[in-house]
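Hi,

Here is the structure I promised to pass on. Have a look, and my notes follow below.

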Amino acid sequence: MRMSLAQRVLMIWLFTLLFLIVLVLKLDDKAPWNWFLIFIPIWIFDAILLIMLAIKIVGRCKSGYDRNGTNLRKEVWYLCAMLLKLGFQLAVCARLEQFAQMKLSFIFIPLWLLIIGAMVDLGYNTYSMRQD
């Protein structure tokens, strides 16, 4: 079952709004919740995306479906990007809850890798389109 564009946009706005409301409550000291609970709306959204991506990757792994593997490589990159984002969020929550006393530069490594990978992907897609 595919979601229409309006349904996807509504889902994104709903989870973002819920996250922002809970974040504001936490920052105003109205909610004494754990930081891991604050990020649950984002993680639910990420879990939905990861499940949809995993189903798509498994479907593409059928024999003879994608001979050159370009779409599969792109979807594996999306999977790696989602895992880097998840790693960054977990590191931020661990730092805010003071579970781990890591330097901020170490916490931001997954985010930096994600940004560098996105720039490489953008450059690759731009360059490959110019040659067509």
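K85 and D46 meet through their side chains in a salt bridge, 2.8 Å from N to O (a side-chain nitrogen of Lys or Arg within 4 Å of a carboxyl oxygen of Asp or Glu). The structure holds one salt bridge. This pair ties distant parts of the chain together: K85 sits in helix α4 (residues 70-96) and D46 in helix α3, 39 residues apart. Helices here are DSSP runs of H or I, at least four residues, numbered from the N terminus.

Before you read on: this is a predicted model, where local features need pLDDT of at least 70 and side-chain atom pairs count only at pLDDT 80 or more, while totals for chains, interfaces and linings use all residues. Residues are numbered from 1 along each chain as its sequence is written, and side-chain values use heavy atoms, without hydrogens and water.

Helix α3 (residues 40-60) also packs on helix α1 (residues 5-27), at about 155° with the axes 8 Å apart. Axes are lines fitted to C-alpha atoms over the stretch in contact, with angles from 0 to 180 degrees between N-to-C directions. The two are therefore roughly antiparallel (over 145 degrees). M11, I12, F15, L18 and F19 of α1 touch P41, I42, I44, F45 and I48 of α3, with contact meaning heavy atoms within 4.5 Å.

Lastly, V120 belongs to helix α6.

Key:
Angles under 35 degrees count as roughly parallel, over 145 as roughly antiparallel, 65 to 115 as roughly perpendicular and the rest as oblique.
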